[in-house]
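Hi everyone, thanks for coming. I'd like to walk you through a model today, so please have a look at it with me.

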Amino acid sequence: MRFVRRLLFPDTPRKLPGARAWNIAARTVHIGVTGVLIGGHVFDIPAQRLLIWLYATILTGAMLVFLEAYSHGRWLYQGRGAFVFAKLGLLCLVPPFWDYRVAILACVVVLGSVGSHMPARFRYYSLLHGRVVDEPKKPRRI
């Protein structure tokens, strides 16, 4: 348990070389493949034909979570992480509510847009601490 805590919450925040470039690349691909996936659902393309786009969306989303949480795990309990978990929760509703998937996916897009563009006082608000927890100023290089 101590290992996991140190992995997620290091004493000194980590710096991933090229993190900004990786983030931009992953976010760009994520937006593209997600758009194709949602468009496929809007136009009622058979689910089997959309699987590759679903897998690409999951992979790029996981990459974004990794890139966000790598420096320090506080992302997980801040507003920005909470929005991602809310999106994942909504996505879990798609299989049991298949007929409403387009509306659910539209809500996920809205949450994604709002979560990415909301003010820092909400993005960095810690649900654990009940206040804004700023990003570290000088992360260390690995």
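I'll begin with the whole chain and then stop at a few residues.

This is a predicted model, so local features need a pLDDT of at least 70, side-chain atom pairs count only at pLDDT 80 or more, and totals for chains, interfaces and linings use all residues. Residues are numbered from 1 along each chain as its sequence is written, and side-chain values use heavy atoms, with hydrogens and water left out.

How confident is the predictor? The average pLDDT of the protein is 93, and 94% of the residues score at least 70; pLDDT is the predictor's confidence in each residue, from 0 to 100. Helix α2, residues 19-42, has the highest mean at 97, while strand β4, residues 140-141, has the lowest at 64.

Now the layout. The protein has six helices and four strands, in the order α-β-α-α-α-α-α-β-β-β along the sequence. Those elements are DSSP runs numbered from the N terminus: helices are H or I with at least four residues, and strands are E with at least two. The C-alpha trace spans about 50 × 30 × 30 Å along its principal axes. Contact here means heavy atoms within 4.5 Å, and of the contacts with a separation of 6 or more, 68% are between residues 24 or more positions apart.

How much is buried? Of the 142 residues, 31% are, where buried means under 20% relative accessible area, exposed means over 50%, and partly exposed is in between, using a 1.4 Å probe and protein chains only.

Let's visit some residues, starting with H72. You'll find H72 in the loop between α3 (47-70) and α4 (79-91). Is H72 buried or exposed? H72 counts as buried because its relative accessibility is 11%. Beyond its neighbours within four places in sequence, H72 is in contact with L8, F9 and P10. The H72 side chain also reaches the backbone oxygen of P10 at 3.4 Å; a polar contact is a pair of N or O atoms within 3.5 Å, where, within protein, one must be able to donate a hydrogen and the other to accept it, and residues adjacent in sequence count only if both atoms are side-chain atoms. R14 is 58 residues from H72 in sequence, yet their C-alpha atoms are 6.8 Å apart.

Another histidine, H41, sits in helix α2. H41 counts as buried because its relative accessibility is 10%. Which residues does H41 touch? Not counting residues up to four places away in sequence, they are L50, W98, R101, V102 and L105.

Next comes D44, in the loop between α2 and α3. D44 is exposed because its relative accessibility is 56%. Its backbone is worth a glance too: D44 is not a glycine, but has a positive phi of about 55°. Most residues other than glycine have a negative phi.

My last stop is R5, in helix α1, residues 2-8. R5 counts as exposed because its relative accessible area is 54%. R5 and L90 are 85 residues apart along the chain, and their C-alpha atoms are separated by 28 Å.
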